[in-house]
Amino acid sequence: MTGFALRRLGGALFVLLALTVILYAVFYVAPGDVAQIACGPRCSPAQVAQVTEQLRLNDPVYVQYGHFLQGIVAGRDFSTGTGVEHCSAPCLGVSYQSNQQVTELILAKLPVTGSLVVGAFVGYVLLGVGTGLLSVWRRGRITERVLTWLTLAGTATPVFVIGLLLIIVFCSTLQWLPSPTYVPFTENPEQWAWGLLLPWVSLALIESAKYARLTRSSMLETLADDHVRTFRAYGVSERAIIGRHALRGALAPVIALGALDVGTMFGGAVLTESLFGIPGIGRELVHAVKVVDLPVVVGMVLVTGFFVVLANAVADLLYAAADRRVVLS
């Protein structure tokens, strides 16, 4: 397992390095005059030339990429026109709009998106796995058909539809809940939970559908194995077979999917954050794209890619730990 983990770590580092090359080429080389973008459309040629000098854009492309990579690994210095500002590692650049270091901007938004992702993850995994197990337990009955229809409806329904319905029903009509808003956990844990309750429920209702279907199909496949038939022949109860013997093997793909979803949700919660007004990474990324703030866009895409790559590596390890039949190659 140690060798397997080290190989996965090496592969993850290689993918992240390749991601930095692609991002730098797409956002800093392909657009053309980055100095004009950074300075703005109303800048004079003299101002554009000054920005070009400050960003060291006269250097060859490979030297510029080296500075970018150096900032991520060891930090770098930036010229501000009147002085030099040091950006500690991991340095992802300085925002063109606010002159704030991108790393600081991301760290300020990360707890917001992290709160949304973790709460939703717990909700949709518990709801999805529980629904899938209930569907297997009641297979062949009306309960299974109803749950199958509900999971299909959940898979086909966009998150903004569920979110709008929840806001209209619980915030406007019944007035049971306040309008969703983010309050830091350290300030008021109760308001933090109430403010994120509707976004958590929206994501849980949508995402749990695929976990229910995956759990059901995995459980049915596992229950058809030879060792399960042996347990039945020895008179082991169906409840014990499902809960003690079949569940572990059936949950291996669910664990892998859950790890991947945590990574992708850090960059994929744009609709949810925009709908509920949550000031997280996704919402900030949309704003940065609108104002063409390249360092913020690159930094947030790179951080999102880091979580996705990390989640893939963790998913492989968890899958191997949950199912011993997996060959650690």
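In which loop is Gln175 found? Gln175 is in the loop between helix 7 (159–173) and helix 8 (189–223). The model described here is predicted. The points below begin with the whole chain and then turn to individual sites.

**The chain as a whole**

- The chain contains 13 helices and 2 strands.
- Its C-alpha trace spans about 85 × 55 × 35 Å along the principal axes.
- Of the 329 residues in the chain, 40% are buried.
- The accessible surface of the chain is about 17400 Å², and carbon and sulfur atoms account for 65% of that surface.
- Among contacts in the chain with a separation of 6 or more, 67% are between residues 24 or more positions apart.

**Backbone features in loops**

- Most residues other than glycine have a negative phi, and most peptide bonds are trans.
- Gln175 is not a glycine, yet its phi is positive, at about 55°.
- Gln175 counts as exposed because its relative accessibility is 62%, and the cut-off for exposed is over 50%.
- Asn99, also a residue other than glycine, has a positive phi near 60°.
- The position of Asn99 is in the loop between strand 2 and helix 5.
- With a relative accessible area of 58%, Asn99 is exposed.
- Pro90 belongs to the loop between strand 2 (84–87) and helix 5.
- The peptide bond that leads from Ala89 to Pro90 is cis, and its omega is near -5°.

**Helix 5 and its contact with helix 6**

- Two packed helices are described by the angle between their axes and the distance between the axes.
- Helix 5 covers residues 102–137 and helix 6 covers residues 142–156; their axes come within 8 Å and cross at roughly 145°.
- This crossing of helix 5 and helix 6 is left-handed.
- On the helix 5 side, the contact is made by Thr131, Leu134 and Ser135, while helix 6 contributes Thr143, Glu144, Leu147 and Thr151.
- Sorted by class, the residues in this contact are 2 nonpolar, 4 polar and 1 charged.
- Thr103 is another residue of helix 5.
- Thr103 is buried because its relative accessible area is 15%, and buried means under 20%.

**Glu273 in helix 11**

- Glu273 is part of helix 11, which covers residues 270–276.
- Is Glu273 buried or exposed? Glu273 counts as buried because its relative accessibility is 0%.
- Apart from neighbours within four places in sequence, Glu273 is in contact with Thr113, Leu116, Ile278, Gly280, Ile281, Gly282 and Arg283.
- The side chains of Glu273 and Thr113 make a polar contact at 2.8 Å.
- The side chain of Glu273 also reaches the backbone nitrogen of Arg283, at 2.9 Å.
- Glu273 and Leu116 are 157 residues apart along the chain, and their C-alpha atoms are separated by 8.7 Å.

**Arg248 in helix 10**

- Arg248 is located in helix 10, which covers residues 238–268.
- Because its relative accessibility is 49%, Arg248 counts as partly exposed.
- How many residues apart along the chain are Arg248 and Ala18? They are 230 residues apart along the chain, and 35 Å separates their C-alpha atoms.

**Thr304 in helix 13**

- Thr304 has its place in helix 13, which covers residues 294–322.
- With a relative accessibility of 16%, Thr304 counts as buried.
- A polar atom of the Thr304 side chain lies 2.8 Å from the backbone oxygen of Met300.

Note on methods:
Residues are numbered from 1 along each chain as its sequence is written. This is a predicted model: local features need pLDDT of at least 70, side-chain atom pairs count only at pLDDT 80 or more; totals for chains, interfaces and linings use all residues. Side-chain values use heavy atoms; hydrogens and water are left out. Axes are lines fitted to C-alpha atoms, for helices over the stretch in contact, and angles run from 0 to 180 degrees between N-to-C directions. Helices (H or I, at least four residues) and strands (E, at least two) are DSSP runs, numbered from the N terminus. A crossing is left-handed if the near helix is turned anticlockwise from the far one by less than a right angle, and right-handed if clockwise. Contact means heavy atoms within 4.5 Å. Ala, Val, Leu, Ile, Met, Phe, Trp, Tyr, Cys and Pro count as nonpolar, Asp, Glu, Lys and Arg as charged, and the others, Gly among them, as polar. Buried means under 20% relative accessible area, exposed over 50%, partly exposed in between (1.4 Å probe, protein chains only). A polar contact is a pair of N or O atoms within 3.5 Å; within protein, one must be able to donate a hydrogen and the other to accept it, and residues adjacent in sequence count only if both atoms are side-chain atoms. Accessible areas come from the Shrake-Rupley method with a 1.4 Å probe; for residues, only the protein chains shown count as cover.
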